[in-house]
Amino acid sequence: AAAKKAAEDEAQRRLDLLRKEKEKRIARFSALLMACCNISGELSALTDIITEYPDLDINMELETDRGSRAIVRAAFNGFNVIVEALLRWKGIDINVQERDGNTALHMAASRGKLQHKLIVEMLLFAGVRTGIPNRAGQLASTIGATPYLSEVIRDPRLLHPSLTSMTAMAATTIQARNRVEQENLEAKIGL
């Protein structure tokens with residue numbers, strides 16, 4: 001009986017240790033993703049995160065008080081290269097909402113700078129739902145920072161026919177940035 005109890009205690013201790021390690025891993029993933037999507041906007045950082053944590057949920061809450069989500073934060077900050085990369089992440093929910101109900105489309109539409117326009121177009125091209133209200137009952141089309149953004153969200157058929165080439169241009173930018181980063185790394189280590 002004592003040996004059985006000791007074995008059960010050891011099994012429980014191992015389970016607790018595994019649970020703690022998983023919690024630490026998720027916390028690290030969340031912190032790195034938040035830094036990438038909300039602060040730095042660096043593609044290389046996102047690439048490292050994807051490589052290190054391919055099994056974790058990209059749609060998870062990053063900040064429990066706000067319910068922040070990676071794609072929403074990146075869209076808000078105008079990190080179009082990050083949004084482009086996130087759109088390719090397996091399992092990404094392009095319609096995910098933060099606690100206030102805002103989606104990536106809400107955030108990009110409300111800003112109106114050139115990079116936000118590109119994000120709106122990428123999201124529309126990717127099939128984002130345009131009829132999702134936030135907690136205030138607002139649709140992304142009603143909070144568009146420019147008439148163009150409001151109109152194109154109401155009717156995505158108004159998108160410029162070269163959207164596919166704009167998306168391709170964003171992909172080319174990603175590849176060029178990766179090449180430069182690789183060359184810089186090789187130069188640092190003397191290859």
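**Exercise 1. The α5/α6 pair**

In which crossing does α5 pass α6: left-handed or right-handed? Work out the geometry and the residues of the contact.

*Solution.* First, the ground rules. This is a predicted model, in which local features need pLDDT of at least 70 and side-chain atom pairs count only at pLDDT 80 or more, while totals for chains, interfaces and linings use all residues. Residues are numbered from 1 along each chain as its sequence is written, and side-chain values use heavy atoms, with hydrogens and water left out.

Step 1. Locate the helices. Helices are DSSP runs (H or I, at least four residues) and strands are E runs of at least two, numbered from the N terminus. α5 covers 104–111 and α6 covers 114–125.

Step 2. Take the axes. Two packed helices are described by the angle between their axes and the distance between the axes. Here the axes of α5 and α6 come within 8 Å and cross at roughly 145 degrees. Axes are lines fitted to C-alpha atoms, for helices over the stretch in contact, with angles from 0 to 180 degrees between N-to-C directions.

Step 3. Assign the hand. α5 passes α6 in a left-handed crossing. Left-handed means that the near helix is turned anticlockwise from the far one by less than a right angle; clockwise would be right-handed.

Step 4. List the contact (heavy atoms within 4.5 Å). From α5 come A104, L105, A108, A109 and R111; from α6 come H116, I119, V120 and L123. These residues divide into seven nonpolar, one polar and one charged. Ala, Val, Leu, Ile, Met, Phe, Trp, Tyr, Cys and Pro count as nonpolar, Asp, Glu, Lys and Arg as charged, and the others, Gly among them, as polar.

**Exercise 2. The core**

Which residues have the most contacts inside the largest nonpolar core?

*Solution.* Step 1. The chain has eight helices and zero strands. Buried residues (under 20% relative accessible area; exposed is over 50%, partly exposed in between; 1.4 Å probe, protein chains only) make up 38% of its 191 residues.

Step 1. Find the core. A nonpolar core is a set of buried Ala, Val, Leu, Ile, Met, Phe, Trp, Tyr and Cys residues joined through side-chain atoms within 4.5 Å. The largest has 45 residues, and F29, L33, I71, L86 and V120 have the most contacts inside it.

Step 2. Assign contributors. Two or more residues each come from α1 (2–40), α2 (43–52), α3 (70–77), α4 (80–87), α5, α6 and α7. α6 gives the largest share, six residues.

Step 3. Follow I71. Beyond four places in sequence, I71 contacts V83, L86, L87, I92, D93, I94, V96, A104 and L123.

Step 4. Check α4. Its buried residues are V81, I82, V83, E84, A85 and L86. Six of its eight residues are buried, so α4 is largely enclosed by the rest of the structure.

**Exercise 3. α7 and two loop residues**

Where does T130 lie?

*Solution.* Step 1. In α7 (147–154), L149, S150, V152 and I153 are buried. Their cover includes α5 and α6.

Step 1. T130 lies in the loop between α6 and α7. T130 counts as partly exposed because its relative accessibility is 26%. Beyond four places in sequence, it touches L105, L124, L139, I153 and P156. T130 and D155 are 25 residues apart in sequence and 9.1 Å apart in space, C-alpha to C-alpha.

Step 2. R69 is in the loop between α2 and α3. R69 counts as buried because its relative accessibility is 16%. Outside four places in sequence, its contacts are N59, M60, E61, L62, V96, Q97 and E98.
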